[in-house]
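I opened this model to look up its helices, its ring pairs and its charged contacts. My entries follow in the order I made them.

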Amino acid sequence: MIGAVAFGFVHIVFGSWFSVAASGVGGWIFASRYSRTRSLFTASVEHSVYGILVFTVGLGRHFYHGAVQAAPTRMIAATPA
């Protein structure tokens, strides 16, 4: 299924071969669900459930870089009184 390959390839932005491979498998699951039900809503809910599961079991580091960069830390030197 071309959709599954495209879904996996889109996840290349995360810079992890695991995210591409796992998303390819997930894309195949979502495409086959859509083929059976013809419901985009059902496939979307399944995508959400599996996405939550991925983060719950600790694999989220392969799928998320963060939306905001960490603020730079400032060292506050003690000033003599």
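Entry 1: I began with Phe30, which is buried at a relative accessible area of 12%. Buried here is under 20% relative accessible area, exposed is over 50%, and partly exposed is in between, with a 1.4 Å probe and protein chains only. The model is a predicted one, so I kept its limits in view: local features need pLDDT of at least 70, side-chain atom pairs count only at pLDDT 80 or more, and totals for chains, interfaces and linings use all residues. Residues are numbered from 1 along each chain as its sequence is written, and side-chain values use heavy atoms, with hydrogens and water left out.

**Entry 2: the fold.** I read the chain as α-α-α. It has 3 helices and 0 strands. Both are DSSP runs numbered from the N terminus: helices are H or I with at least four residues, strands are E with at least two. Of the 81 residues, 21% count as buried. I looked up the accessible surface and got about 6600 Å², with 70% of it belonging to carbon and sulfur atoms. Such areas come from the Shrake-Rupley method with a 1.4 Å probe, and for residues only the protein chains shown count as cover. I then checked contacts, meaning heavy atoms within 4.5 Å. Among contacts with a separation of 6 or more, 44% are between residues 24 or more positions apart.

**Entry 3: aromatic pairs.** How many aromatic pairs does the rule give? The count is 3. The rule takes rings of Phe, Tyr and Trp (its six-membered ring) with centres within 6.5 Å; planes under 30 degrees apart are stacked, over 60 edge-to-face, and the rest tilted. Phe7 and Phe30 have ring centres 5.6 Å apart and planes at 90°, so I noted the pair as edge-to-face. Phe7 sits in helix H1 (residues 2–10) and Phe30 in helix H2 (residues 17–37), so this pair ties together parts 23 residues apart in sequence. Phe7 is partly exposed at 24% relative accessibility.

Next I took Trp17 and Phe18. Their ring centres are 6.2 Å apart and their planes stand at 85°, so this pair is edge-to-face. Trp17 is exposed, with a relative accessible area of 71%. Phe18 is partly exposed at 24%. I also noted one aromatic cluster formed by Phe7, Phe30 and Tyr50.

**Entry 4: helix H2.** I counted 21 residues in H2 and a reach of 30 Å from first C-alpha to last, close to the 30 Å expected at 1.5 Å a residue. The expected span is 1.5 Å times one less than the number of residues. Which residues of H2 are buried? They are Ser19, Ser23, Gly24, Gly26, Gly27, Phe30 and Ser32. Their cover includes H1 and H3.

Entry 5: Arg38 is in the loop between H2 and H3. Its phi is near 55°, a positive value in a residue other than glycine. Arg38 is exposed at 61% relative accessible area.

**Entry 6: the salt bridge.** I found 1 salt bridge. The rule asks for a side-chain nitrogen of Lys or Arg within 4 Å of a carboxyl oxygen of Asp or Glu. The side chains of Arg33 and Glu46 make it, at 3.2 Å, N to O. Arg33 is in helix H2 and Glu46 in helix H3, so the pair ties together parts 13 residues apart in sequence. Arg33 or Glu46: which is buried, and which partly exposed? Glu46 is buried at 9% relative accessibility, and Arg33 is partly exposed at 29%. Beyond its neighbours within four places in sequence, Glu46 contacts Ile29, Phe30 and Arg33.

**Entry 7: helix H3.** H3 covers residues 40–56. It has 17 residues and reaches 24 Å from first C-alpha to last, close to the 24 Å expected at 1.5 Å a residue. Gly58 follows H3, with a positive phi near 100°. I looked up a nonpolar surface patch of about 580 Å², made by Phe41, Val45, Val49, Tyr50, Leu53 and Val57. Patches take residues with over 30% relative accessible area and no salt bridge; like charges are joined within 9 Å, nonpolar side chains (Val, Leu, Ile, Met, Phe, Trp, Tyr) within 5 Å. Leu53 is in helix H3 and is partly exposed at 45% relative accessibility.
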